[in-house]
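User: I'd like to go through this model with you, bit by bit. Shall we begin with the packing inside and then move on?

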Amino acid sequence: MLQMSAMDSATASPSPLTHLQRLEAESIHILREVVAEAERPVMLYSIGKDSAVMLHLARKAFFPAPPPFPLLHVDTTWKFKAMYELRERSAAAAGMELLVHRNPEAIARGINPFDHGGLHTDLWKTEGLKQALDKYGFDAAFGGARRDEEKSRAKERIFSFRTASHRWDPKNQRPELWRLYNARKAKGESIRVFPLSNWTELDIWQYILAEKIEIVPLYFAAPRPTVERDGMLLMVDDDRFRLHPGEVPVERSIRFRTLGCYPLTGAVESTADTLESVIQEMLLTTTSERQGRAIDHDQAASMEKKKQEGYF
Amino acid sequence: MTAYRPDALIASDISAYLELHQRKSLLRFLTCGSVDDGKSTLIGRLLYDSKQIFEDQLSALENDSRRVGTQGQAIDFALLVDGLAAEREQGITIDVAYRFFATEKRKFIVADTPGHEQYTRNMVTGASTADLAVILIDARKGVLAQTKRHSFLAHLLGIRHLVVAVNKMDLIDYDQGVFDRIVDAYAEFAQSIGIQDFTAIPISGFRGDNVTTRSDAMPWFTGPVLLDHLETVEVDAEIDRIKPFRMPVQWVNRPNLDFRGFAGLIASGTVRPGDPVRILPSGRTSTVARIVTMNGDKDVAVAGESVTLTLADEIDCSRGDVIATADAPPQAADQFKATLVWMDPAELLPGRAYWLKLGTQTVSAVIRAPEYAIDVNTMARAPAKTLALNDIGVAEIVTDRGIVFEPYAESHDLGGFILIDKLTNATVGAGMLDFALRRAQNVHWQAVEITREAHAQQKGQQPRLLWFTGLSGSGKSTIANLVEKKLHALGKHSFLLDGDNIRHGLNRDLGFSDQDRVENIRRIGEVAKLMTDAGLIVLTAFISPFRAERAMVRSLLPDGEFFEIFVDTPIEEAERRDVKGLYKKARAGEIANFTGISSPYEPPRAPEIHIDTTRTTPEEAAEQIVEAIMGVWSPTL
């Protein structure tokens, strides 16, 4: 196992800060600024690897106190079982309150990824998030988005302002200079805060490795029941999965590069079952990370459009 | 076209590879150039050549290049970088975008800022966190006004390393003569604005010459290629480490009665348990007990790290305070000279209060009218009354309480600040403290109350009551009007009370008996006093014939605010002028109790200002009054 000597314990004459140490310090600084300036912060917790890193940073930022805000999971009821298990365990380990919100309208209408396509994301996630933020009156919400994920995110601020109706206006963003963040807002308005803005996928993996952060086992390869559809490998995680006539789940050694609703998340065939081998595979692969997520596959500007509408 | 090709070490020994990559340092840099200088192309080229482009991204890029690209069938690298849909349509970048790439030696964060005229704001934003700036020059065009502007802004924001990348060398046949002439022209300009040093590199972002690999087409160039240079320059964080210790306190960590930790990011220096420290602004001292982290206590922490410190003594310390090395602490002050960059469509309102955020301190601050503005194209200084979007100027700033600071040249963390509009909450400006004008008299925190002083401070002036007294027709209103116009032109907030706006409204129930005259003056005095409480400079133009009433009004106001101005016109002269024909009527017995004829006028014995209208024109009189007022203006405001 690798160790980050300068990060764990000090030496008599410290070496220059590494890029991971600088990223960690920046993220912790951001987390503390929000707690100092916002009235009711919350951390959006999606249970993925980025969320795991963000939660770990929050624990470090406020140690020995637990992070002084709750975790919020905007649930779609369609996440992988293994994600729900880690969710409970992580919240308990951090000593934090866990809030779970499921859009009642989506429940009532039985919205699911098989029948409803884009409406599934829109109702469960976009609308669900707005409902939850309004319900609890949160005025600042941490999210684990990174600028390297997608072009429209590359120009979003770390403190990203939302109107009372949760809209993002890319042309009217507050300039961010030095380490100074403007968290002031009118009543009803809120900010989304992205402490991992300057991290890349490789940084995330390296940090998970160095800090021994627990992540969902689905990131590691194991034999799992799968079907192949439209060039994507989908995992049959429970009996709600609707098999097409003649379709039979096949056990394959797979892992996931990103996690979401299981019927929408493509797996890759892999034998990488340790962090090092996952990173190795990631570095040797020739496609970018979000390819496994069905949501981005439409036109290039889709994410920007979703964000203006209030998607995280 | 080839996409991402992984390092051989990844396949052969992943642990060794990760070990190597964990030790990498981080360089943040900024690229600036005009719309067509090829900035996005250069960044796209760096991402591409440093193997950050994946197969799916490359195929999307090839599609996009054919669809909306500007390079014909060739790959348009700019499309990798230009993010928002709106800008793709316009074919230009419109905001600051951050890109990431890494090499064997370093991780890089690139701030990409647009070059066109109206976006000084974006460039300043990108420059504020950069260790280095790459200034792009189109080899065909040479040093342009924009080149100078970008260099000036980079220098203003204190970027230590400047790279002048002369781009599109392929379009001028890699001509060394052209390159040398551009470098000479740039050197001359750089020296004129105080840039000590820069590195010039001839490149072609489109073809990749001298970007990551040495160009065969320019054997005459022996300097470093761009990427080599980026991999080896010294990073700011290393320089900050050798300065005295300072940590702005972000948050006090108090999980229980036994633990009290001070959380913050170390702005400069090094800290160890046992170090004597001083808390600013209180000046109290203690020693560092522990450096607490979740991974165990540390023996030492350095600039750039986020830490939690505990102190040996129970002393007051909260968000906004600065923990500093005990024997070389920073100062506190409440008046500064600062360089400002205005970033909002609504222009700066001198005298108005804004929130000023510096480090972890947020205070109310008034910016006085700028001393001058700087033309970013010519660096010329010009007088300015205000600053509009993208303007840069120098002004004095007065904060409502002392703040702990260092000049920006010494510390970006304790010298750089943003200004926030109190109503819209927008970040309207950024600034760099140059120096303090005086040390804070009172460095204690105060509750912000809207006091008389707060009203005045917001208007950037001291309240005054200019009480004009004199016979009817002596010229009080004429002079008072001229004085008010001059005050207004100086940006002062004033109001003139005269017969027209008082007699017809507030006092319309009063006649001209002695009793009513007294009540008339009493009411005017009270109204004028309220207006001075609101911070205004009030001018009144009434005969106010009795000394007692004038003395009564004087007593309503703090010492030094009441200015009795005697407009001295002999009755013969006033009667000769008789502007309104009132003397004629009075002599004819048509007006009772007319001052000077049927009612007495008691001239002031010791007026602050005495105007003899037989020797002074109204214009001269007004000039004299304004001068007298401004002369006794407190130097603090």
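User: Which residues touch the most other members in the largest nonpolar core?
Analyst: Among the 80 residues of that core, they are Met43(A), Val53(A), Phe159(A), Trp199(A), Trp205(A), Val216(A) and Leu218(A). A nonpolar core here is a set of buried Ala, Val, Leu, Ile, Met, Phe, Trp, Tyr and Cys residues joined through side-chain atoms within 4.5 Å, where buried means under 20% relative accessible area with a 1.4 Å probe and protein chains only. This is a predicted model, in which local features need pLDDT of at least 70 and side-chain atom pairs count only at pLDDT 80 or more, while totals for chains, interfaces and linings use all residues. Side-chain values use heavy atoms, with hydrogens and water left out, residues are numbered from 1 along each chain as its sequence is written, and chains are lettered from A and ligands numbered from 1 in the order in which they are written.

User: And which helix gives the largest share of this core?
Analyst: Helix α3 of chain A, residues 49-62, does so with eight residues; helices are DSSP runs of H or I with at least four residues, and strands are runs of E with at least two, numbered from the N terminus.

User: What is in the second core?
Analyst: That separate core has 79 residues, including Phe100(B), Val163(B), Tyr174(B) and Ile374(B).

User: OK, strands now. Why is β27 of chain B largely enclosed?
Analyst: Six of the seven residues in β27(B), which covers residues 562-568, are buried, so the rest of the structure largely encloses this strand.

User: Which strands pair with it, then?
Analyst: Counting strands as paired if DSSP finds at least two bridges between them, β24(B), residues 464-469, runs parallel to β27(B) with five bridges, and Trp467(B) has Glu564(B) as its bridge partner. Strand β28(B), residues 609-612, is also parallel to β27(B), over four bridges, with Ile565(B) partnered by Ile609(B).

User: What's the strand order in the open sheet of chain A?
Analyst: The order is β8-β7-β9-β10, with antiparallel pairing. Strands β8 (232-235) and β10 (268-269) of chain A stand at the edges with a single partner strand each, so one side of each has no neighbour in the sheet.

User: Where does Arg255(A) sit relative to β10(A)?
Analyst: Arg255(A) stands opposite Val268(A), which belongs to β10(A).

Notes
Buried < 20%, exposed > 50% of the residue type's maximum accessible area, 1.4 Å probe, protein only.
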